[in-house]
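Please look through the model below with the following points in mind.

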Amino acid sequence: MRPYHFRARCFLKYDAAIFKQRGVNLAVEGGMGENGNDKTKLEEDICIHIFTVSSAMVGVCLTVIGLIRVVITLGKADTLADDLLACDALLFLTSCLLSYGALRARSFCRMHRIERAADVVFITAMVVMTLICGFITYAMSISPSTAH
């Protein structure tokens with residue numbers, strides 16, 4: 001049986017060969033590939049981060065929608081926040097799907113264009129979520145008994 005580090009090194013070389021065929025440059029054993037193109041690696045990293053965070057944020061939006069519905073039911077108050085969060089969840093889903101499409105793109109130019117769109121949608125969704133949080137805080141601070 002060969003030692004673990006030998007098998008891991010062979011696996012990394014195999015992965016690097018596969019990604020090299022696809023035009024993606026990976027950092028292998030502390031250094032960059034043959035052509036030293038850091039931009040391709042960075043672009044792929046951004047897509048992966050947008051993909052994972054966007055999908056998590058869809059879950060966060062749905063969880064907060066459920067919590068707001070419970071508060072609305074118990075407090076007999078209605079707010080627009082759950083509707084706005086549903087729209088925001090759709091923005092995060094769009095960003096997630098765009099970043100997935102960028103990861104699956106074959107050409108670098110196409111990947112870059114799709115990644116930019118995913119980035120813009122993601123930042124927009126984050127800004128909208130921040131505004132919704134402010135709206136929720138404002139709505140919760142004004143109790144129905146004091147608003148006449």
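**Notes on helix packing and aromatic pairs**

1. In this predicted model, helices α3 and α4 pack with their axes 8 Å apart and at an angle of about 160°. Because an angle over 145 degrees counts as roughly antiparallel, α3 is described as roughly antiparallel to α4. The crossing in which α3 passes α4 is left-handed.

2. Which kinds of residue make up the contact of α3 with α4? The residues there divide into 20 nonpolar, five polar and two charged.

3. Turning to the rings, the structure holds two aromatic pairs. Phenylalanine 51 and tyrosine 100 form a tilted pair, with 5.9 Å from centre to centre and 35° between the planes. Since phenylalanine 51 lies in helix α2 (residues 38–75) and tyrosine 100 in helix α3 (residues 81–104), this pair ties together parts that are 49 residues apart in sequence. Phenylalanine 51 counts as partly exposed at 29% relative accessibility, and tyrosine 100 is also partly exposed, with a relative accessible area of 44%.

4. Phenylalanine 92 and phenylalanine 122 form an aromatic pair that is edge-to-face, at 5.9 Å centre to centre and with 65° between the planes. Here phenylalanine 92 belongs to helix α3 and phenylalanine 122 to helix α4 (residues 108–141), so that the pair links distant parts of the chain, 30 residues apart.

Definitions and conventions. Residues numbered from 1 in each chain as written. Predicted model: local features only at pLDDT ≥ 70, side-chain atom pairs only at ≥ 80, totals over all residues. Heavy atoms only, no water. Phe/Tyr/Trp six-rings, centres within 6.5 Å; stacked < 30°, edge-to-face > 60°. Helix = DSSP H or I, 4+ residues; strand = E, 2+ residues; numbered from the N terminus. Buried < 20%, exposed > 50% of the residue type's maximum accessible area, 1.4 Å probe, protein only. Axes fitted to C-alpha atoms, helices over the stretch in contact; angles between N-to-C directions. Parallel < 35°, antiparallel > 145°, perpendicular 65-115°, else oblique. Left-handed = near helix turned anticlockwise from the far one by under 90°. Nonpolar A, V, L, I, M, F, W, Y, C, P; charged D, E, K, R; others polar.
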